[in-house]
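I opened this entry to get my bearings in a structure I had not seen before. My notes follow in the order I looked things up.

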Amino acid sequence: MPFAVGARTPPPVQPEPVEGLRKVSPSLLQSVIGPAGPIQRRAMSKAITLLESTRADHRAQADGLLTALLPHTGKAFRLGISGVPGVGKSTFIESLGLYLISQGHRVAVLTIDPSSTVSGGSILGDKTRMEHLSVHDKAYIRPSPSSGTLGGVAEKTREAMLVCEAAGYDIVIVETVGVGQSEIAVAGMTDMFVLMQLPNAGDDLQAIKKGVMEIADLVVINKADIDKNAATRAEAQITSSLRLLGMHGNPDHATHGALWQPRVLQISALLGQGVDAFWSAVTLFRETQTTNGRLALRREKQALAWMWERIDAGLKLAFRQHPAVKELLPQMQADVAAGRIAASTAARNLLIAQSWQAPTAIK
């Protein structure tokens, strides 16, 4: 057994040493916040790779790097774009990115690619789809694997956004994997959540379903040039559903204030039609939410949610690495697989082993 009968005091646990800023490479930090160019883009990639690493010494360096970068962040506008697979997110982001660059902006794009549940690998092919934007010197595109993280984003997407902001990119776009009704994590880390839809995406009932629709700040119907009648019907259905959700939602948990009501736009990303109207709507949203203070409040809530999310992840990692849990885990897994013990009982056994709160495991 991993613990003796009658034991009441857990053995001393040596905390993992964290070196903090002392381990941060000054050259990496200065290159990220330094002048724009190939050196900065390489430094950004190295910094994000460091943040995504699971090695203990890399995590300590990453914490120090984030602390050093924080004073240089917060000035960019964070735009989350989501939608079902095949809706044209990558094509739209390339058209939007090139348009924004022509308006004098620097654009960073964080794309999330689904990881295979069989091999664990990811294609990471979004840069191939954005062949013009990916080679522009005022754009930075970083594909990352989802690695099993739910919500359509990667585990370190928030940290990667801070790196892009510190590097001086004033527009940061997060493109999620193709999502359903509940995979809405990107809305919890961006200033504006854009949902892309297809003209023939469903009937009236589908348009009114709650979940991803009720938190969208802007809905875009892409490929409107293929079937204009279908796009017009979809616009009417989605507009009606958004109005209904706004009327009957819980005002204490409302996503939008009285000064902004979500709207629906038709675009054709392939032809570049409607991109200017889209950005006009985004600009109006940013100005409105900044004026009424909801944008600052949104970021405060997101920062706190990020803290608790990392606490949850850290507790799970510490649980798996606990010596008592590691000793008992093979037995519990074998018993559950063979049907000798319920999964809930096995989980309770492991939690007891980790907490040292009982003399013996439950049988």
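**Notebook: first look**

I started at V336, which is found in helix α11 (residues 323-338). Helices (H or I, at least four residues) and strands (E, at least two) are DSSP runs, numbered from the N terminus. V336 is partly exposed, with a relative accessible area of 33%. I noted the cut-offs: buried means under 20% relative accessible area, exposed over 50%, and partly exposed in between, with a 1.4 Å probe and protein chains only. Leaving aside residues up to four places away in sequence, V336 touches I341, A342, A343 and A346. A contact means heavy atoms within 4.5 Å. I also looked up the C-alpha atoms of V336 and A346, which are separated by 7.2 Å and lie 10 residues apart along the chain.

**Ground rules**

This is a predicted model, in which local features need pLDDT of at least 70 and side-chain atom pairs count only at pLDDT 80 or more, while totals for chains, interfaces and linings use all residues. Residues are numbered from 1 along each chain as its sequence is written, and side-chain values use heavy atoms, with hydrogens and water left out.

**Whole protein**

I looked up the inventory next. The protein has 12 helices and seven strands. Of its 363 residues, 44% are buried. Among contacts with a separation of 6 or more, 77% are between residues 24 or more positions apart. The accessible surface comes to about 18,800 Å², and 57% of that belongs to carbon and sulfur atoms. Such areas come from the Shrake-Rupley method with a 1.4 Å probe; for residues, only the protein chains shown count as cover.

**The sheet**

In what order do the seven strands of the open sheet stand? I read β3-β2-β4-β1-β5-β6-β7, with parallel pairing. β3 (139-145) and β7 (263-266) stand at the edges with a single partner strand each, so one side of each has no neighbour in the sheet. Neighbouring strands are turned by 20 degrees against each other on average, direction ignored. Axes here are lines fitted to C-alpha atoms, for helices over the stretch in contact, and angles run from 0 to 180 degrees between N-to-C directions. Two strands pair if DSSP finds at least two bridges between them.

I checked one pair in detail. Strands β5 (residues 192-197) and β6 (residues 218-221) run parallel and are joined by four bridges. L195 has V219 in β6 as its bridge partner.

Phi of K223 is near 60 degrees, a positive value in a residue other than glycine. Most residues other than glycine have a negative phi. K223 is partly exposed, at 30% relative accessible area.

**Salt bridges**

How many salt bridges does the structure hold? I found nine. The criterion is a side-chain nitrogen of Lys or Arg within 4 Å of a carboxyl oxygen of Asp or Glu.

R78 and E165 meet through their side chains in one of them (2.5 Å, N to O). This pair links distant parts of the chain: R78 is in strand β1 (residues 77-83) and E165 in helix α6 (residues 157-166), 87 residues apart. R78 counts as buried at 11% relative accessibility, and E165 counts as buried at 5%.

D57 and R55 form another side-chain salt bridge (2.5 Å, N to O). D57 is partly exposed at 26% relative accessibility, and R55 is partly exposed at 47%.

E159 forms a salt bridge with K156, their closest N and O atoms being 3.9 Å apart. Both E159 and K156 are buried.

**Helix α6**

Is α6 buried or exposed? Buried: 10 of the 10 residues of α6 are, so the helix is largely enclosed by the rest of the structure. Among them are R158, M161 and C164. Just after α6, G168 takes a positive phi of about 95 degrees.

**Surface patch**

My last stop was a nonpolar patch on the surface. L304, M307, W308, I311 and L315 form it, with about 520 Å² of accessible area together. Patches are made of residues with over 30% relative accessible area and no salt bridge; like charges are joined within 9 Å, and nonpolar side chains (Val, Leu, Ile, Met, Phe, Trp, Tyr) within 5 Å. L315 is found in helix α10 (residues 294-321). L315 is exposed, with a relative accessible area of 57%.
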